[in-house]
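Visitor: I have a few quick questions about this protein. Can we go through them with the structure open?

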Amino acid sequence: ESFRKSEEAVRQAHAELEKKVEERTKDVAMTNETLQLEIIERRRAEEALQKVYGELEQRVEGRTMELRQSRDYLDKIINSVADPIFIKDEQHRWVLLNEANVRLFGVTRDKLIGKSDYDFFPKEEADVFWEKDDLVFRTGQENINEENFTDAAGVLNIIMTKKTLYTDIQGEKFIVGIIRDITERKRAEEALRKSAEEIRDLYNNAPCGYHSVDKDGVFVAIN
């Protein structure tokens with residue numbers, strides 16, 4: 001009797017153990033299935049993310065190419081302009097110059113970019129340039145001014161500079177300047193003035209009398 005009870009107890013314990021093993025096996029299988037699903041979903045998410053990254057990189061690359069092409073296009077346009085053009089930031093540093101400006105200054109572009117007037121011109125000239133820059137930055141109004149500037153060869157030039165304000169989408173302000181070299185015109189005007197003075201002196205100091213009349217016979221000049 002005692003032996004049968006022991007066998008029954010063993011069978012019952014074995015049955016309970018098998019049940020627990022079966023339940024545990026089911027739990028493990030479910031857990032494994034869940035893990036497999038999570039792995040699949042993670043792979044899908046990673047693949048989707050990689051696709052997004054790939055598309056983003058293509059867009060960035062395409063946008064970078066567009067910006068580069070736009071910058072090249074802008075450079076070609078401003079370099080085709082005969083008058084010198086420059087752009088300065090709020091620290092008065094040159095951030096862009098066209099070929100005509102580089103030739104006028106007589107200094108290579110790489111030495112000009114990031115520098116200011118005081119790095120190249122006499123103080124009295126740079127003072128005027130900065131004064132007009134600040135006026136445009138402060139008022140936002142266009143400024144046109146006749147100025148002297150000494151180039152790299154030490155030659156004094158006379159220029160007419162037109163400055164306007166540009167504000168970008170980040171709110172940063174820039175001076176856009178266009179220069180017209182009027183040195184030759186000023187020399188011609190001065191030569192004409194001196195010639196007129198010489199003729200007037202000859203007329204007024206002539207040893208004999210001269211006079212001029214208009215079409216109505218009215219005297220307009222007498223020496």
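Visitor: Leaving aside its neighbours within four places in sequence, what is D133 in contact with?
Guide: This is a predicted model. In it, D133 is in contact with K88, H92, D117, K163 and I175, leaving aside neighbours within four places in sequence.

Visitor: Is D133 buried or exposed?
Guide: D133 is buried. Its relative accessible area is 0%.

Visitor: Where does D133 sit?
Guide: D133 is in helix α4.

Visitor: OK, the helix then. How far apart are the end C-alpha atoms of α4?
Guide: They are 24 Å apart. Helix α4 covers residues 123-139, which is 17 residues.

Visitor: Which residues of α4 are buried?
Guide: E125, A126, F129, K132, D133, V136 and F137 are buried. They cover an arc of only 140° around the axis, so they lie on the same side of α4.

Visitor: Why do residues three or four places apart point the same way in an α-helix?
Guide: Because an α-helix has 3.6 residues a turn.

Visitor: What do the buried residues of α4 pack against?
Guide: Four strands: β1 (85-88), β3 (143-150), β4 (156-167) and β5 (173-181).

Visitor: And which exposed residues are on the face turned away from the buried side?
Guide: That face of α4 carries K123, E124 and R138.

Visitor: Switching to the whole protein. How many helices and strands?
Guide: The protein has five helices and seven strands. Along the sequence, the pattern reads α-β-β-α-α-α-β-β-β-α-β-β.

Visitor: What share of the residues is buried?
Guide: Buried residues make up 21% of the 223 residues.

Visitor: Last one. Among contacts between residues at least 6 apart in sequence, what share joins residues at least 24 apart?
Guide: Of those contacts, 33% join residues at least 24 apart.

Definitions and conventions
Residues are numbered from 1 along each chain as its sequence is written. This is a predicted model: local features need pLDDT of at least 70, side-chain atom pairs count only at pLDDT 80 or more; totals for chains, interfaces and linings use all residues. Side-chain values use heavy atoms; hydrogens and water are left out. Helices (H or I, at least four residues) and strands (E, at least two) are DSSP runs, numbered from the N terminus. The expected span of a helix is 1.5 Å times one less than its number of residues. Buried means under 20% relative accessible area, exposed over 50%, partly exposed in between (1.4 Å probe, protein chains only). The arc is that of the directions from the helix axis to the C-beta atoms. Contact means heavy atoms within 4.5 Å.
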